Amino acid sequence: MPAAYIRLARPDDEEALGRLDRETWSPLHAVQPRPQPPYKPFYNERFGPRDHLVAELDGTLVGYIRLGFPTSLACNSHVRQIQGLAVAEQARGAGVGRALLRAAQDEARRRGARRITLRVLGHNTPARGLYESEGFVVEGVLPEEFLIEGEYVDDVFMGRFL
């Protein structure tokens, strides 16, 4: 499989991003219920195209990563947080998630960040393995923070310096 092309999202990516987000929904990573029609817009007042990097394979959008601020405080503006990552089923195992993660770190550096953080559910072993292999370390755990499909799940906070 050829390498994914990573770029900043554009306004006209919204429909494809919304579809990808719905298709990749899973209790492995989602704390919100499965989306139901009518679907909310993918872009909103908090996150727009500028906050997303997308991955394309052969011209098809197959993944995205959302890069935001952990808080709105000026004293925290040197930190960026990954607040969403999705890869289409047909593109998994092809390095798309890793390429998006690396591109997000590069973009965070370019925008002046010194650190990057994320939150991941404790039972999401594939994602945690990817993050650890890219230098993220566990910086905190909120035990049994979420009740998902009848199971209590830890919220794991990870981060790294850029």
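User: How are H2 and H3 oriented to each other in this predicted model: roughly parallel, roughly perpendicular or oblique?
Analyst: In this predicted model, the axes of H2 and helix H3 (residues 125-133) come within 11 Å and cross at roughly 50°. Angles under 35 degrees count as roughly parallel and 65 to 115 as roughly perpendicular. H2 and H3 are therefore oblique.

User: Which residues of H3 meet H2, and what is the handedness of the crossing of H2 and H3?
Analyst: From H2, the residues that take part are Gly97, Arg98 and Leu101. Their counterparts in H3 are Leu130, Tyr131 and Ser133. The handedness of the crossing of H2 and H3 is right-handed.

User: Is glutamate 134 buried or exposed?
Analyst: Glutamate 134 is located in the loop between H3 and E6. Leaving aside residues up to four places away in sequence, glutamate 134 touches Arg98, Leu101, Arg102, Gln105 and Arg160. Its relative accessibility is 9%, and the cut-off for a buried residue is under 20%. Glutamate 134 therefore counts as buried.

User: In what order do the strands of the open sheet lie?
Analyst: The open sheet is formed by 7 strands with mixed pairing. Strand E1 (5-8) and strand E6 (137-148) pair on one side only, which makes them the edge strands. Neighbouring strands are turned by 25° against each other on average, direction ignored. The order is E1-E2-E3-E4-E5-E7-E6.

User: What angle does the direction of H1 make with that of E3, and what angle does the direction of H2 make with that of E3?
Analyst: Helix H1 (residues 14-23) packs on the sheet and touches E2, E3 and E4. Helix H2 (residues 96-110) also packs on the sheet, where it touches E1, E2, E3, E4, strand E5 (115-121) and strand E7 (151-161). With the direction of E3, that of H1 makes about 85°, and that of H2 makes about 40°.

User: Why is strand E3 described as largely enclosed by the rest of the structure?
Analyst: Strand E3 spans residues 60-68. Within the sheet, E3 is joined by 6 bridges to strand E4 (residues 79-87), and the two run antiparallel. E3 is largely enclosed because the number of its 9 residues that are buried is 8.

User: Which residue in E3 is the bridge partner of leucine 53?
Analyst: Strand E2 (residues 52-57) pairs with E3 in the antiparallel sense over 6 bridges. The two strands form a hairpin with 2 residues between them, and aspartate 58 in the turn has a positive phi of about 50°. In E3, the partner of leucine 53 is isoleucine 65.

User: Which residue in E4 is the bridge partner of glycine 63?
Analyst: Strands E3 and E4 are antiparallel and share 6 bridges. In E4, glycine 63 has as its bridge partner valine 87.

User: Which residues are exposed on the other side of H1 from its buried residues?
Analyst: The buried residues of H1 are Leu17, Gly18 and Leu20. They lie on the same side of H1, because they cover an arc of only 165° around the axis. Their cover includes E2, E3 and E4. On the other side of H1, the exposed residues are Glu15 and Glu23.

Definitions and conventions: Residues numbered from 1 in each chain as written. Predicted model: local features only at pLDDT ≥ 70, side-chain atom pairs only at ≥ 80, totals over all residues. Heavy atoms only, no water. Buried < 20%, exposed > 50% of the residue type's maximum accessible area, 1.4 Å probe, protein only. Helix = DSSP H or I, 4+ residues; strand = E, 2+ residues; numbered from the N terminus. Pairing = 2+ DSSP bridges. Axes fitted to C-alpha atoms, helices over the stretch in contact; angles between N-to-C directions. Contact = heavy atoms within 4.5 Å. Arc of directions from axis to C-beta. Parallel < 35°, antiparallel > 145°, perpendicular 65-115°, else oblique. Left-handed = near helix turned anticlockwise from the far one by under 90°.
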